[in-house]
Amino acid sequence: MSSNELMIEVKDLTKSYGPIRALDGVSFEVRAGEVLGFLGPNGAGKTTTMKILTCFIAPTEGQVLVGGMDIYKDPLEIRRNVGYLPENAPLYPDMLVSEYLDFAGVIRGMSGADRKVAADRVIGQCGLDEVVYQEIRTLSKGFRQRAGLAQAMLHNPRILILDEPTSGLDPNQIVEIRGLIKNIGKEHTVILSTHHLAEVQATAGRVVIINKGKRVADGTPRELEQQRGGALYEVVLRKPADGADEIPAVFEQIDGVEAVEKMEGADDELVFVVTGHAETDVRSDIFRAVVDKGWVLLGLVRKQVDLEEIFRSLTVVDAGKGVE
Amino acid sequence: MGAMLAIWRREFRSYFNSPVAYFVITVFLALVGIMFFIPFFAQDRVSMRSFFSLVPFLFVFFAPAITMRLIAEERRSGTLELLITMPVRDVDVILGKYAAALSLLVVALLLTLPYAITISFFGPLDWGPVWGGYLGLLFMGAAFVAIGLMTSSWTENQIVAFMVALFISMMFLMVDRFIVFLPNSLAPWGEYLSFTSHFSNAARGMIDSRDVIFFLSFVLLCLFLAFRSLESRRWR
């Protein structure tokens, strides 16, 4: 298996639920050995995409290949090669963890000896030793999520699809599960969906951001920061006696400034957020402009736009620019 | 096939992992016992006839009670998604669950055999109609379980699944009694669709292949509809 092999190919994927378009022409690819973070606000279409990839539902339009196989022609073969953890890890509550893993093994056609070996392996990997003989209904959210992960990894699948693997966990559990996913990602191709950016930065090599059923970005976190990112300057001025209205126009004339917005500030202060290019630094120009006009500068901070802000700018289109 | 057997085993064991199976079977046996033996001692004949006219009415409640959970609950809790995204065919899911519910019904039926054995001590019991009746009950039970599985596949709500199954089962059991109210042209259909009329031969000890074919095709139709309903998730 070459490391460049395409594991998942999605082309023009569209899914309508009646009049609602959950997915609208989404395309992306995942290569072997990659960890892809699938990012979007709630209701963006992440779960729908995952349900299509695992052949639970069929798309309205589009072509989907998983492990080189078509979702229409080989759904069973795809499921053999995929491990899936649906949102909230829906496992049978009346079964013991050991029973559930054995049940999954039988369904996956593993022999008794293989099931034992595989179960022991995933129990170790997922840290389930202390709850193996516990009923799933009695498990904490963290252990349930780990049991779901164990179930998905049981047959050592080439592809792992994890829908919000850390939702509802406490901060310690989140760190644990992320570490686990990072480890799994060394040997498997992983797609994980999330609405937490930190998750992607901690685990994923590449990010696909979708919003309202459309893909809005695709790349490594670093690439996205270079393409989409810029620099933000927070400028705080003492409120001048008059001429306050011309301030944004003055800043906009500076070379390298793209936009200026007025924010809320204290009574006698004015706060502006100035957006500029990532490569340039216009702090000196802002300072000079302020001095020329005789205003008083109280604060000036430059910061690089990070993934979090890129995500916000891409997904809060309707809320108006910057005002949120 | 392996997947179907795994689902069968899981479902059957899950009945006994919760109080459902114990409760439902106990109530069933108690009701049969009371309703069968009280009149039995009032008559001076050793016969299971009243048993065989009684059990179908209890089945109408018993079968939906054990089937209502099968698919509805999995839909509601989301476990269906995990099950179906394993390498199983929808048909394995339907057949495995059907087999599990039918097995529980058979267990309940077998547990009534001591009643027959008990009354055989009171006098000579003609075992022909008894075996025929049991076989007939098995077929009718199979049809009720299929109805229950079908309605369970239609909804996420167990109570709805139960009520609808109860209603459909009751209709098919009693339709021959409504024949007088039906237009003449529909009367033969009412007669043909009635479970009771197909059961009556068996309860007299005669197994007619037409009755067997009726119940089997009824079961297949219900399972097919359940299959379609499970499959329809893909296109909605």
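Predicted model: local features only at pLDDT ≥ 70, side-chain atom pairs only at ≥ 80, totals over all residues.
Author: Helices (H or I, at least four residues) are DSSP runs numbered from the N terminus. Residues are numbered from 1 along each chain as its sequence is written, and chains are lettered from A in the order in which they are written. Local features need pLDDT of at least 70, side-chain atom pairs count only at pLDDT 80 or more, and totals for chains, interfaces and linings use all residues.

Reader: Which residues of H4(A) are buried?

Author: An α-helix has 3.6 residues a turn, so residues three or four places apart point the same way. A residue is buried if 20 or more other C-beta atoms, placed from the backbone, lie within 10 Å of its own, exposed if 12 or fewer, and partly exposed in between. Here Ala118(A), Ala119(A), Val122(A) and Ile123(A) are buried. They lie on the same side of H4(A) because they cover an arc of only 130° around the axis, taken from the directions from the helix axis to the C-beta atoms. The face turned away from that side carries the exposed Ala113(A), Val117(A) and Gly124(A).

Reader: What do the buried residues of H4(A) pack against?

Author: They pack against H3 and helix H5 (141-153) of chain A.

Reader: How many residues does each chain give to the contact?

Author: Two residues are in contact if their C-beta atoms, placed from the backbone, lie within 7 Å. Chain A and chain B each give 22 residues. H3(A) gives the most to chain A's side, with 4 residues.

How values were computed
Helix = DSSP H or I, 4+ residues; strand = E, 2+ residues; numbered from the N terminus.
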